[in-house]
Amino acid sequence: MTLLSKLIGRDAIALSSAVTTGTVTGIALDGDHIVNVKLSDTTIDAGAVRSFAGDVLTYDDLFANHSGGGSAATDPRGTRVIDMHGDLLGVIADLTLSGAGRVENIILDTGDTVAGERLRVIGSYAAIITVDLPPPTGSPVR
Amino acid sequence: MTLALMRGADLIGRPVVDASTGERLAEIKDVVFDARLGTITGLTLRNPGLLGRRLNDVLPIGAVVSVGTDAVIVEGDEALTPGDEAPANMAAAKSDDVLDVQVITESGRKLGALRDVIILGGPAPRIVGFEVGGGPVGNGLVPLGAQAAVSGNALIVPDEYEQRIREDLTGLAAELSLMDSGFV
């Protein structure tokens, strides 16, 4: 497990060449899964990443499907979090991520956490949280 | 879930958020409602921002997932309907059409002027009361009763409503709770 705040800025190394190709600057999510990782000046498929929990981000560059755009991959920290009732829960302070790139918890600026499985989408205005599960509670995951 | 009471004025400027994308589609410009039935029929819209221009699109209440304390949630941008295709019941009064009309009891006593509508948010938002001000009874909140009638000139309420005026939303919520439970 790692924190998004630790992942952002982490060096990315291509496995075939052992060359540092950039640093992580953002992620794109589909629900609670990372689907793209934005490096300094390129974006790669998350499926090419060996693990998100290492000291550096290693990836299979032959399968990374590089693209120059990556506009959908961003740093979601600071994004407001709204539930399906239209109530503001807080602002994303950090995310805890599994080694496979799944959001395990959303850490809010209020100190509350929300289970990653409740994350529906992160847009430019807000992250949307489902309301089928219990409301946010508990202490932040460190 | 917060089933909050809110003034109509509080709803103005509230973002309309697409729950499928997390994008802000518009802001609320006004509330369209049937005061006699206490039903909200839709919301008119404007582009986001302080100087947001009016949008031709409207938001029929049936397309609203929830009216929350911080956002109005819809599912997909198709929830917004071109104004010329709006449901017929959206031709009812807008909240600013009835502001400042006189609130009068059935016996003819003027309680004051209608200052705002009070809305119960959530997945089935509705008008539950009115704010009255500038009259002999001072400022207060009046629950919406089934007998209420409204026009561009006056809102008629039962005589006993003079005793039901409450100072704040908490008091109104308690009053509404009593009404729902059949105690009054």
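1. Two residues are in contact if their C-beta atoms, placed from the backbone, lie within 7 Å. By that criterion, 15 residues of domain 1 of chain A are in contact with 13 residues of domain 2 of chain A. The model is predicted, with local features needing pLDDT of at least 70 and side-chain atom pairs counting only at pLDDT 80 or more, while totals for chains, interfaces and linings use all residues. Residues are numbered from 1 along each chain as its sequence is written, with chains lettered from A and ligands numbered from 1 in the order in which they are written.

2. In chain A, domain 1 covers 2-63 and domain 2 covers 80-129 (bounds from an automatic or database domain assignment). Taken over C-alpha atoms, the centres of these two domains of chain A are 21 Å apart.

3. On the side of domain 1 of chain A that touches domain 2 of chain A, two or more residues each come from strand E1 (2-3), helix H1 (4-7) and strand E5 (33-38) of chain A. Helices (H or I, at least four residues) and strands (E, at least two) are DSSP runs, numbered from the N terminus. H1(A) gives the largest share of that side, 3 residues.

4. Chain B is divided into domain 1 (5-94) and domain 2 (95-181). Here 22 residues of domain 1 of chain B are in contact with 24 residues of domain 2 of chain B. On the side of domain 1 of chain B that touches domain 2 of chain B, the largest share, 4 residues, belongs to E6(B).
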